[in-house]
Amino acid sequence: MKRKWLSLMLALAMVTSLLSGCGGGNSESGGTGEQSPDAAPSSTVQNTIFNGELEQNITIRVLENDTVIAKGYFAELIDAFNEAYADYGIVAVDANMDQYLDLANDGPYGYGPDVLYQANDIIMQYAEGKHVYPLPIEQLECYDQIPQSAWDAYAATIEGTEYYCGVPVNIQAPMLYYRKDLLPENWESEWDQDGDGVPDMTQRWSDLLAFSQARHEGDKNLYGYMKSLDDVYFSSGFLFSYGAYIFGNNNRDTEDIGFAAGEAEKGAWVLSQLASAMNEDCIDSTITTNAYSRMADGTYFATITTPDVYSTFIDELTKTYMGEGLDQAAAEEKAVENLVMTGLPKLPESGDLSDESAGLIDSKAMGGINGYAISAYTQYPNACLAFVEFATGYDMIMKRSEMLGIAPARADAAQAAGETSQQLFDRLEQGNIIIMPSVKAVGQIWTPGQTFFIDLAKDVFRPESEKKYTDLSAMKQGLEEMSQQIYDAIHTLN
Amino acid sequence: MEKWNGFCEAAKNSSWKVKLSAVVMGGGQLLYGCWQKGLVYLLVELSVLYYFITRGISDLVGFFTLGTQKADPWTGTAGDNSVVMLLMGIFAWIVIAVFLCIYVSNLKDAYAIERRVKAGEQPISFKAELAQLLDRKFYITALALPVLGVCVFHILPIVFMILIAFTNYGGSIVPPELVDWVGFQNFAQLTTLSRFAPTFFRILGWNVVWAVLSTGLNYFAGLGLALLLNKDCVRGKAFWRLFPILAYAIPGFITLLGFKFMFSYGGPINQIIRDLGGTAIGFLDLDAKWSARLIGLFVNCWISVPSIMLLATGHLSNRDMTIYESARIDGANRWHQFKSLTLPYMIFTTTPVILSQFVGNFNNFGIFYFLRGGLYMDNYFLASDTDLLINWLYNLSIDNNYYSIGAAISLVIFLITSTISLAVYVRSAAFREEDTFQ
């Protein structure tokens with residue numbers, strides 16, 4: 001009996017091991033499987049996908065962001081496209097899904113959009129898993145108009161070949177906002193040393209700090225420049241200005257974390273000096289939250305944030321002026337006249353904001369490029385490419401800029417769209433906008449970075465005996481620890 | 001053993017008709033004329049066979065391999081999704097388990113029919129058996145669907161989560177990359193890896209302190225409030241009870257965000273401090289380890305006390321007041337009455353609630369996520385000094401994609417909370433002396 005059972009157990013074990021060795025029976029291999037790095041040049045892959053034959057009588061689902069839909073631009077875009085491609089029976093519709101989609105999980109089951117508009121870091125996370133198609137960008141009309149730095153935001157090296165997986169539409173980067181009507185009456189004599197007709201405090205961080213201190217001295221309830229330091233997106237720009245970077249090898253090598261590189265500690269010092277003219281609100285997100293109302297009521301003179309919230313500042317300032325007795329139209333006109341959005345001031349080479357003799361360097365800032373990508377799960381790649389080509393054409397980008405106030409990534413549109421757009425475009429071309437890395441690991445920089453910047457801001461308000469960042473070497477060490485934390489988060493288990 | 005002997009005896013004594021049921025389900029029933037039941041069993045066997053031929057076998061194979069072909073949307077290679085394969089593999093095992101149950105019932109039934117026939121009785125008709133399902137065996141009818149639901153919606157996800165802890169799912173290994181089995185490697189990393197182990201034990205220590213303190217605080221504060229509002233001298237009881245209920249009715253995360261604002265640098269508390277000439281205090285900031293922990297305890301109390309108060313109010317109204325009368329006559333003061341009568345009674349009646357509060361507090365994700373999220377401290381790996389294990393699990397699995405490590409931590413949490421809960425409950429009077437307080 002025992003022998004029978006033993007035989008049965010052995011037979012079962014054999015069956016199990018045979019079953020284990022059978023391999024994935026349900027994979028429907030429609031291609032060549034995993035490719036070796038030199039298996040196919042990028043153009044071959046793209047030409048196979050985009051063969052130029054427009055699929056006809058089909059519907060493509062386009063995912064745009066909520067603001068674009070709310071402001072009516074999206075309706076105009078798809079109406080214009082549908083009219084232009086009516087002969088082919090191609091209809092573009094709103095994908096009607098959450099803008100924070102999960103293409104990696106939903107796409108394979110047919111739930112994602114065909115075309116998606118997202119920030120470069122999001123699109124490129126999909127590119128890593130081949131969830132969006134590599135695009136034949138040289139064939140697009142906009143190719144020559146968009147600077148290489150913007151295209152680089154969508155470049156990915158996959159299996160040894162470089163691909164571009166998105167088409168840049170607009171540039172996002174911090175701008176300085178200030179209230180012209182809060183300038184001192186004598187600013188032209190006292191705060192325009194170079195006589196260029198532009199207030200010095202909006203051109204140099206050292207002057208902005210001096211003005212902030214003077215304003216607060218005059219009235220303890222008033223402040224000059226105010227910004228929460230805990231926001232990595234805005235604060236890290238000061239580090240970049242002195243040689244820091246996010247990841248090495250053009251933001252692709254996550255083994256090389258560069259927040260402490262170069263003389264990044266000078267950037268941390270600048271932040272620390274600026275925080276000394278603020279109050280404790282800069283430690284947490286209080287200033288970011290109430291900047292609109294505090295700028296409007298005159299408590300703050302200046303702050304930095306992205307161009308897309310310009311209308312919110314205008315709305316708040318308009319309310320303030322209406323409270324002072326102006327009617328809606330006059331209040332709005334006055335708000336537009338007094339709220340100035342401009343590029344970032346220059347930094348002293350030494351990092352010392354009290355050193356007036358120091359040479360000046362450009363401020364760098366973290367930024368992003370929003371653009372279009374095509375889902376790798378679409379059935380109609382050629383129609384999708386036609387849509388992207390249409391949506392990134394000069395006319396549609398200009399309309400987008402007019403209706404949404406975005407800064408176009410196209411050179412011709414940026415020039416035509418106005419001073420702010422041109423400034424952002426120039427900053428991008430000059431390398432002063434550090435585009436968010438297009439790798440998945442970028443998601444792991446935020447919390448360690450936030451913790452460091454909170455600590456740095458908090459240090460300004462600690463008693464002398466408890467201060468951690470008393471000199472540049474201490475700041476360097478803090479930045480190195482933050483970089484190490486990011487490295488550990490990314491690589492401990494990978 | 002007795003069952004095994006019974007099985008051996010049945011196998012020895014049964015005729016070939018019963019043995020046929022072992023190969024063709026329902027065969028014995030059909031041969032004894034119970035063709036309806038036989039067909040049902042046969043249909044079950046055929047359905048299961050169909051399932052395994054069409055996909056069950058590949059699902060089982062997938063369970064072991066977790067995929068062999070990586071997907072490549074650019075070339076149209078569908079590939080294997082390891083996570084889906086794991087899930088479908090578990091489902092296949094559940095199907096096997098359910099099938100085995102039906103298979104055994106098929107054998108038992110065939111043998112029972114044969115015994116009835118041998119005893120000269122007629123087999124029970126299909127109609128009569130169906131009638132029994134609505135009468136004597138109604139529990140089967142009533143529970144069949146819920147059990148199936150529990151299998152699919154509870155057991156499957158729980159087993160899935162448990163099994164994830166034994167894979168390398170997470171980090172850069174997420175679909176379309178293929179996941180592999182790694183055995184106990186994640187648990188080993190949790191306790192031995194220099195980055196994980198200190199953080200794990202540090203957070204575990206605070207987590208236990210937090211769970212005990214918050215459960216005790218909430219319970220006694222709720223009981224105290226209920227006793228206070230139960231006193232005869234309190235006028236307008238309904239009015240006073242309204243306020244805690246309001247705190248209870250407001251969604252927890254709104255309350256938490258409200259408290260976060262109140263204690264922030266720009267919040268009203270610091271505003272008052274500044275107006276009085278003081279310096280703003282970072283109640284919840286980077287350096288605020290213990291003040292943040294105390295605020296967490298207080299806020300949790302604010303959210304949880306009303307439910308305990310309502311529960312205690314109900315139980316207190318069921319007390320036998322003659323015992324208190326006797327105690328008073330015997331000279332017991334209020335404290336003695338509370339210590340010797342009220343508290344034992346309340347502990348007895350609410351032990352399961354205390355345990356559920358303990359487990360809930362041990363896994364209280366919201367308090368520190370909303371009050372003080374987004375900080376990674378020195379000496380902690382991807383966590384802060386107020387994070388509980390559940391917050392760390394979130395940081396690892398959601399913010400940093402370490403799903404398998406997150407699953408391993410959740411298994412550890414489960415082991416801790418279930419062990420403590422079971423140990424306390426089994427030793428409690430509520431379990432051992434269930435019938436004493438009537």
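## Domains of chain A

The C-alpha centres of domain 1 and domain 2 of chain A lie 31 Å apart. This is a predicted model, in which local features need pLDDT of at least 70 and side-chain atom pairs count only at pLDDT 80 or more, while totals for chains, interfaces and linings use all residues. Residues are numbered from 1 along each chain as its sequence is written, and chains are lettered from A and ligands numbered from 1 in the order in which they are written.

Domain 1 of chain A comprises 42-171 + 367-437, and domain 2 of chain A comprises 175-366 + 441-491; the bounds come from an automatic or database domain assignment. Their contact takes 15 residues from domain 1 of chain A and 19 residues from domain 2 of chain A, two residues being in contact if their C-beta atoms, placed from the backbone, lie within 7 Å. On the domain 1 side, helix H19 (419-429) and strand E15 (433-435) of chain A are the elements that give two or more residues. H19(A) gives the most, with 3 residues. Helices (H or I, at least four residues) and strands (E, at least two) are DSSP runs, numbered from the N terminus. The residues of this side of domain 1 of chain A divide into 5 nonpolar, 7 polar and 3 charged. In this division Ala, Val, Leu, Ile, Met, Phe, Trp, Tyr, Cys and Pro count as nonpolar, Asp, Glu, Lys and Arg as charged, and the others, Gly among them, as polar.

## Fold and helix H17 of chain A

Chain A has 21 helices and 15 strands, and its C-alpha trace spans about 95 × 70 × 40 Å along the principal axes. Of its 494 residues, 48% are buried, that is, 20 or more other C-beta atoms lie within 10 Å of their own, with C-beta atoms placed from the backbone. Among contacts in chain A with a separation of 6 or more, 72% join residues 24 or more positions apart.

In helix H17 (residues 394-404) of chain A, the buried residues are A:Ile397, A:Arg400 and A:Ser401. They cover an arc of only 95° around the axis, which puts them on the same side of H17(A); the arc is that of the directions from the helix axis to the C-beta atoms. These buried residues pack against helix H4 (73-84), strand E6 (167-172), strand E14 (407-408), helix H18 (411-417) and H19 of chain A. After H17(A) comes A:Gly405, with a positive phi near 75°.

## Nonpolar cores

The largest nonpolar core has 207 residues, and those with the most contacts inside it are A:Val115, A:Cys165, A:Tyr177 and A:Phe387. A nonpolar core is a set of buried Ala, Val, Leu, Ile, Met, Phe, Trp, Tyr and Cys residues joined through C-beta atoms within 7 Å. Neighbours within four places in sequence aside, A:Val115 is in contact with A:Ile60, A:Val62, A:Leu63, A:Tyr372, A:Ile374, A:Cys384, A:Phe387 and A:Val388. A second, separate core of 7 residues includes B:Val18, B:Tyr32, B:Leu107 and B:Ile113.

## Chain B

Chain B has 19 helices and 0 strands, and its C-alpha trace spans about 95 × 75 × 35 Å along the principal axes. Buried residues make up 33% of its 438 residues.

Chain B is divided into domain 1 (2-183) and domain 2 (189-432), with 43 Å between their centres, taken over C-alpha atoms. Contact between them involves 10 residues of domain 1 of chain B and 9 residues of domain 2 of chain B. The side of domain 1 of chain B that touches domain 2 of chain B has 6 nonpolar, 4 polar and no charged residues.

Conventions:
A residue is buried if 20 or more other C-beta atoms lie within 10 Å of its own, exposed if 12 or fewer, and partly exposed in between; C-beta atoms are placed from the backbone.
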